[in-house]
Amino acid sequence: MTPGHGLRPPQAPAPQAPAPVDAPGAHAGATLAKAASENFPVAPAFLPRAWRQGLMAVYGYARLVDDIGDGDLAPGGRDAVLLGLDPAAADDRLAMLDALEADLLRVFGGSDGPPRHPLLLALQPVAREHRLSPEHFLGLLEANRQDQRVARYESYGELLAYCELSANTVGRLVLELTGTSTPERIRRSDAICTALQIVEHLQDVAQDFGRDRIYLPAEDMRRFRVAEADLAAPTAGASVRSLVAFETERAYGLLDEGTPLVGSVHGRLRLLLAGFVGGGRAALRAVTAAGFDVLPGPPKPSRGQLLREVAAVLRTAPRKG
């Protein structure tokens with residue numbers, strides 16, 4: 001459940017003197033705005049204000065880490081400057097991740113002052129109020145460091161270990177943030193988050209290959225007789241489609257495993273978690289509707305499809321307690 005400005009959800013600037021485009025607040029807002037393109041609702045308006053603030057703070061951090069790891073930072077080196085580095089260091093992903101880790105330690109009481117980056121400054125009160133676990137935030141950093149070292153995954157097991165860092169940590173933070181963490185809920189959350197990560201990998205096969213990354217397990221590629229060169233084609237051949245269909249079914253299975261989490265909670269949290277599961281299901285249906293051809297670009301569901309899937313999850317998720 002990959003969920004940011006901890007003070008308020010992203011919104012249009014107040015109708016006063018416009019802030020410079022490189023002002024820290026405006027810069028952070030551009031990162032937060034990416035929440036609208038996720039497969040699931042990050043911090044919908046029906047949630048209590050405190051939850052929305054917390055979810056956006058966690059999302060802002062997670063999005064910043066991923067943008068550093070993927071080389072998707074805004075041009076100009078502003079994030080490097082905010083983290084105390086030279087603007088030219090923005091292209092050094094490992095140096096940026098190290099600087100971000102140092103700023104994260106300031107969130108959790110480092111001795112050299114408050115966090116420097118506005119997204120982490122906004123995260124600090126949320127982390128303190130909800131006693132969020134620093135190891136989950138560190139896990140996200142480690143996943144992106146791994147992206148700089150590892151470009152291929154031999155087995156599904158190796159991919160699951162990566163998802164443990166890159167996705168499951170965020171779901172655990174959501175449970176901590178809402179005060180609903182239990183061992184059983186963590187297990188279900190991990191299944192949902194791994195599924196959402198696999199869904200994103202399937203949507204982004206071509207984009208990832210352009211970055212010299214392949215998240216399709218090599219053992220599965222051999223099984224379906226898919227060569228790396230096949231992923232560079234403008235459209236997918238039969239072998240690639242069969243492989244994507246196989247991974248799609250895996251993701252469906254994980255979502256099924258995790259869906260009881262929705263029934264284990266009540267009220268608006270139930271709606272939020274249904275949004276995560278429904279978002280994953282809607283994305284998988286979009287992949288299926290594209291004939292499992294993900295190479296022309298990421299298949300995306302419509303808002304109507306998303307709402308239908310969320311409604312279906314709410315109808316079918318078994319209730320507990």
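A33 is partly exposed, with a relative accessible area of 46% (buried is under 20%, exposed over 50% and partly exposed in between, using a 1.4 Å probe and protein chains only). This is a predicted model, where local features need pLDDT of at least 70, side-chain atom pairs count only at pLDDT 80 or more, and totals for chains, interfaces and linings use all residues. Residues are numbered from 1 along each chain as its sequence is written, and side-chain values use heavy atoms, leaving out hydrogens and water.

You will find A33 in the loop between α1 (24–32) and α2 (49–70); helices are DSSP runs of H or I with at least four residues, numbered from the N terminus. Between the C-alpha atoms of A33 and G60, 27 residues apart along the chain, the separation is 9.3 Å.

## The two sides of α14

Now to α14. Its buried residues include L306, E309, V310 and V313. Seen down the helix axis, the buried residues of α14 fall within an arc of 100 degrees, so they line one face; the arc is taken from the directions from the axis to the C-beta atoms. On the other side, R308, R315 and T316 are exposed.

## What covers α14

Among the elements covering the buried residues of α14 are α12 (260–263) and α13 (267–289), with contact meaning heavy atoms within 4.5 Å. On the α13 side, R270, L271 and A274 are among the residues making the contact with α14, whose own contributors include Q305, L306 and L314.
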